[in-house]
Amino acid sequence: MILFTNEGNPIGLQLLVLAKYLKRPIFLQQITLTDAKFKDLILLPTVELDNGLRLFSTAAIYKYLLMYEGYPRNEWLEWGATLLTPALEHYMATGHRADSRAGPVLNALVKKLDDTLSVSPFIAGDKLTSADLFIWSLLAPDGTLKGAQNVEHLHSWYNKIKALPEVQEALKELPISSLSFNALQQGNRYGGLAHVQLRRGIS
Amino acid sequence: MCDVATVQKIANCLGVAPGEIQLNDEQVVTRIGAQNNRVTGFATILESLAVESKSEIAQNSIASPEVQAQVYQWIEFAVLYVGPGSKDKHVSKQLLADLNNLFSRKSYLVGHFLTLGDLAVFYAIGDLIKSLSPVDKENYLNLSRWYDHLQQRPDIHQGETLLNFTTIYLHNWATGTHL
């Protein structure tokens, strides 16, 4: 399969890690949406599967390639894509895009992860699932957990996932230091996910 | 439209009992269905509705793993881009252009049939389409055609007033340029 992504996009790591985990050959192609050749692509990253099908939703690709992992993995994928990703982009934004309201929202999400990992070794239960790879890749870039306190369970899980040989292999192609949430802005023509209003939990 | 109302509409559309639809402590839509089964997340709920439904739209949406994956990506697109982006001037303009371009090559988002992907985008874009002037609607002709086609179905409009896509009035002042 081919992974079309833009430089530095952390979502690209999500897909690279998955491909390594499934031992599928993947060709990483870093492109820009301003290139006329790619005018039909709406979002980056986009994956072109061996059967020619193109998908731009990482969660859809995870579900398609790992169909047997159903509930509760699916809910975690959606949670990661629709809550954690926008919160991280808001939180990691710099300059005029910086959003001070993002800290508390992200902290609540991170706390939920830590609470979950305090009762089970992996995000979706006793076994490693692709939800772990999906969420770990989002938290991989430097600084995502800089505001989080009392999250020992999350930290030990983070180190456990990072040590997986498949993850290490992916990091050789996309090192953590090359990733930045600012790159999401160039991942689509909508300016990233800045338009997504953060949902403030009640608890 | 809020997620709770949209899930209810889509459940009606599929002929499935929606169960109890509410927001959880993270403000995420949650469905408590039969046997107290709890499902969280807009896209995951729509998938659960499709599995329970015998309707044509549901069957179309799970026709194959490839279709299912594409349907899911459009539902997620509705959640992350169409819904929240509609309220932003810059994002909504790009969305209208992208969707209009997409519908110049196809009649539905996935395959050649109506799926939950279309429904999710349809309900998410309703307010934006409503705000368009007749001339805007002309500019986004392909998107307008898709929207109008969907809204005509009683199972989709569910009694709401239909938006006007008629272009006849334009003949009066721009006969020559009217396409």
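Predicted model: local features only at pLDDT ≥ 70, side-chain atom pairs only at ≥ 80, totals over all residues.
Let's start with the interface. Chain A brings 37 residues to the contact, and chain B brings 37 residues as well. How much area do chain A and chain B bury between them? About 3000 Å², with 59% of it on carbon and sulfur atoms. On the chain A side, the residues that lose the most area to chain B are Glu78(A), Tyr190(A) and His195(A), together 22% of what that side buries.

Now for the polar side of things. There are 14 residue pairs in polar contact between chain A and chain B. Which parts of chain A touch chain B? Strand 4, helix 2, helix 3 and helix 4 of chain A each supply at least two residues. Helix 3 gives the most, with 8 residues. Sorted by class, the chain A side has 19 nonpolar, 9 polar and 9 charged residues.

Speaking of charge, 4 salt bridges cross the interface. In a salt bridge between Arg199(A) and Asp3(B), the closest N and O atoms are 3.7 Å apart.

Next, the cores. The largest nonpolar core has 130 residues, and those with the most contacts inside it include Leu84(A), Trp157(A), Phe77(B) and Ile125(B). Helix 4 of chain B, residues 65-85, gives the most to this core, with 12 residues. If you click on Ile125(B) and skip its neighbours within four places in sequence, you will find it in contact with Val82(B), Leu96(B), Leu99(B), Leu143(B), Trp146(B) and Tyr147(B). Another core, of 6 residues, lies apart from the largest one, and Phe4(A) and Phe38(A) are among its members.

Definitions and conventions:
Residues numbered from 1 in each chain as written. Chains lettered and ligands numbered in written order. Heavy atoms only, no water. Contact = heavy atoms within 4.5 Å. Buried area = accessible area lost by both parts, 1.4 Å probe. Salt bridge = Lys/Arg side-chain N within 4 Å of Asp/Glu carboxyl O. Polar contact = N/O pair within 3.5 Å; in protein donor to acceptor, adjacent residues only side chain to side chain. Helix = DSSP H or I, 4+ residues; strand = E, 2+ residues; numbered from the N terminus. Nonpolar A, V, L, I, M, F, W, Y, C, P; charged D, E, K, R; others polar. Core = buried A, V, L, I, M, F, W, Y, C linked by side-chain atoms within 4.5 Å. Buried < 20%, exposed > 50% of the residue type's maximum accessible area, 1.4 Å probe, protein only.
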